[in-house]
Amino acid sequence: MSTTGDYTSVRAAIASLLKQPEYDDGSAGPVLVRLAWHSAGTYDASTDTGGSNGAGMRYEAEGGDPANAGLQHARVFLEPVKASHPWITYSDLWTLAGVEAVKQMGGPEIPWWPGRTDYVDDSKLPPRGRLPDGALGGDHLRHIFYRMGFNDQEIVALSGAHNLGRCHADRSGFDGAWVNNPTRFSNTYFKLMLEREWREKVLDNGVRQYVYYDEDAEEELMMLPTDLALTTDKAFRPWVELYAKDKERFFGDFSRVFSKLMELGIRRGEKGEVVNTDNVRGGYVS
Ligand code: ZEM
């Protein structure tokens with residue numbers, strides 16, 4: 001059994017489960033990053049509801065949101081880590097898994113702090129519909145991400161996570177990967193977005209996405225309508241151009257903004273301890 005508070009041991013356990021030869025592109029990494037993002041991306045700054053605290057996706061109200069389809073795979077991958085480190089909360093485990101997965105896939109180190117609790121306040125359950133819909137455009141991205149407190153640059157930096165993983169027709173309806181090495185964190189997504197000729201394709205299920213046939217990979221790569229909106233919008237596009245050119249800048253900005261995402265709705269005291277009042281029950285911080 002591991003020692004309470006030994007996050008180095010948790011990180012090592014996460015790193016050692018990333019290789020999954022039977023799953024997708026052979027890695028659990030991308031879906032873990034998406035779990036971390038969807039756990040936090042329900043945040044609404046104006047009502048201070050949602051966010052990674054509480055790990056609400058364990059329950060049907062949030063876990064059964066069609067936007068979260070497929071994320072049970074990520075939660076199942078992490079169960080052995082929870083079993084060998086029972087002292088860690090799910091909300092800390094899911095956010096740390098995203099952070100560690102990015103690093104293990106060649107991405108930047110992302111500052112991360114523990115202290116989230118798994119207490120769910122039923123009166124503060126985030127309603128469905130707070131996560132973005134890939135079929136829409138730039139206005140929608142602003143509506144969703146401004147609500148969390150992000151600006152245009154941060155929206156573009158965060159979208160760079162689509163260097164990782166793929167769309168699954170049986171989860172979101174979209175199909176395919178954005179880049180041909182989707183388990184390696186990089187800025188290729190931004191380069192391809194600008195440099196390739198994307199054509200519209202309507203899938204058999206009626207879903208509309210953009211595709212380009214990559215000769216080297218012998219694979220059709222894809223972009224969501226929201227991805228390409230980053231190139232057509234006047235305020236988003238300069239950041240796409242910058243990140244396509246400057247990988248270090250993208251890594252630095254991604255690190256900062258992913259860290260901010262993981263902290264949405266978490267209030268910390270002077271020593272970094274979480275001080276959210278809704279985590280306090282019966283006078284004890286749970
Ligand atoms: Zn995603 N994302 N995302 N994303 N995402 C998918 C997959 C992944 C949007 C979206 O609709 C989709 C962010 C932002 C946005 C990841 C990380 C992050 C999929 C495919 C869709 C449809 C799901 C499927 O079928 O399995 C939209 C519209 C976004 C608005 C900008 C942000 C922010 C992310 C993290 C910082 C990742 C890693 C995946 C790949 C998951 C996997 O299973 O491979």
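A salt bridge is a side-chain nitrogen of Lys or Arg within 4 Å of a carboxyl oxygen of Asp or Glu. By that rule, two salt bridges cross the interface of domain 1 and domain 2. The model is predicted: local features need pLDDT of at least 70, side-chain atom pairs count only at pLDDT 80 or more, and totals for chains, interfaces and linings use all residues. Residues are numbered from 1 along each chain as its sequence is written, and side-chain values use heavy atoms, without hydrogens or water.

Start with the domains. Domain 1 covers 7–131 + 258–285, and domain 2 covers 138–255; the bounds come from an automatic or database domain assignment. Their centres, taken over C-alpha atoms, are 23 Å apart. Between the two domains, about 2200 Å² is buried, 59% of it from carbon and sulfur atoms. Buried area is the accessible area (1.4 Å probe) that two parts lose on being put together, summed over both. Asp25, Met105 and Lys260 supply 24% of what domain 1 buries against domain 2, more than any other three residues. Lys260 also forms a salt bridge with Glu154, with the closest N and O atoms 3.1 Å apart.

Now the inside. The largest nonpolar core has 79 residues. Such a core is a set of buried (under 20% relative accessible area, 1.4 Å probe, protein chains only) Ala, Val, Leu, Ile, Met, Phe, Trp, Tyr and Cys residues joined through side-chain atoms within 4.5 Å. Leu32, Leu78 and Leu261 have the most contacts inside this core.

Technical notes
Buried < 20%, exposed > 50% of the residue type's maximum accessible area, 1.4 Å probe, protein only.
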